[in-house]
Amino acid sequence: MCPFNLDPYALQKVLCLMDCMPKLQVLNLCANALDNDSWPGDDNRGTFTALQNLILNNTGVSWDVTHNFLRLCPSLTEMHLSLNEHEDISLPNPLQTYPTVKKIHMSKNKIKHWSQLHKVGRLFPNLENFVNIESDLENLRSPIEEENDMAQIFSKMKTLVLTQTKLGRWEDLERLRHCPALVDLKVLGIPFLEEIAVKPRRQQLVSRLPNIQCLNGTPISECEREDAERAFIRMYMDSEEKPSRYFELENIYGRLDPLAEVDMSVATILNLALDIAFQGREERIEINTDQKVKDMMKTISNIVGIPASKMKVYQKIVCKGQLIQTVLMSTFPNKKLWTYYMSTEDIIVCELKTTPKPCEANIHFV
């Protein structure tokens, strides 16, 4: 890596230094003003075959200078062009491509329309990784038909980052499914997506983009994809206007029934039977499932008149009148009561520690 503080003759000095370092692999010119520089006229200059990574962030570099750098670096694989206030992309005339470049960073630019951004794919036909964060990009569609052939323009692109751009429609994102190699996508912080709750947002993205295998840094499992696609069908089944993806998924899964509404919430306050076997009586106890086992034991201690340290407390799990399990609770005094998933049929049993244990199943649910 070779960063410089540049003067008005910046480019000429940079090129001279590069001539002296033929094995240079990374050149970092970040935050050095190149916006007023023109390319030194030297047709006899050799190429820099070792250079693989060129960083021109926040330099204000023009596209003419950028193309000249690219011509001199035939082995370049990665290029950084962020923070350069680019509003468009200029193609060389005649058109020249740079097939060795596989990774481009162009974040925080002012490019708004696909009619400009598609030129990245034309310049770098073997591009695999494209990072475009915090830009003004508003759409992924051009009025010119030949510019919309995303499958051809970005045929090798595997990873795309469009985080904090200004895309505003599902239709734009759906166009990404036409990139044949694209499997990794990041679309965080996009305003219209942020208006959707986290879970349905991810479900929609997974459903609409069947080619994506990793979304926002998290791999998509086959199980998640099927759940998301089924949820997508149910999401739009009663809508008058259905996205085209809905009909594709309906052909796969058929017409689905709406999900039954089941209350899976855990009751906070429960009134349970308290079996005090050693005193030969039964009471009722009201417990707050947000509390811990030791809090319940203090309440029981007040009822039976015995210190909590001298008793054992069990939960008898009962379902439809049948005893399912007996769980020792007092072993874990700091465990939350809600983790035992109690129901109103359950029975709390209190015994003295000196009392022989009943036949039990001692189970610890983590």
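Two residues are in contact when their heavy atoms lie within 4.5 Å. With that in hand, welcome to this predicted model. Leaving aside neighbours within four places in sequence, D346 is in contact with L272, A273, Q315, K316, I317, V318 and Y341.

**Around D346**
- You can find D346 in the loop that runs between β13 (322-328) and β14 (347-352).
- D346 is buried and yet has no salt bridge.
- For D346, the nearest side chain of opposite charge belongs to R284, and it is 11 Å away.
- One of the residues in contact with D346 is Q315, and the side chains of D346 and Q315 make a polar contact at 2.9 Å.

**Around G189**
- G189 has its place in the loop between β7 (184-186) and α6 (191-194).
- With a relative accessible area of 32%, G189 is partly exposed, because values between 20% and 50% fall in that class.
- Not counting residues up to four places away in sequence, G189 touches Q164, T165 and E194.
- Although G189 and I133 are 56 residues apart along the chain, their C-alpha atoms are separated by 9.8 Å.

**Cysteines and disulfides**
- A disulfide is a covalent bond between the sulfur atoms of two cysteines.
- How many disulfides does a search of the whole structure find? The search finds 0.
- C30 is partly exposed, at 35% relative accessible area.
- C319 also counts as partly exposed, with a relative accessibility of 40%.

Note on methods
Residues numbered from 1 in each chain as written. Predicted model: local features only at pLDDT ≥ 70, side-chain atom pairs only at ≥ 80, totals over all residues. Heavy atoms only, no water. Helix = DSSP H or I, 4+ residues; strand = E, 2+ residues; numbered from the N terminus. Buried < 20%, exposed > 50% of the residue type's maximum accessible area, 1.4 Å probe, protein only. Disulfide = S-S within 2.5 Å. Lys, Arg positive; Asp, Glu negative; His and termini not counted. Salt bridge = Lys/Arg side-chain N within 4 Å of Asp/Glu carboxyl O. Polar contact = N/O pair within 3.5 Å; in protein donor to acceptor, adjacent residues only side chain to side chain.
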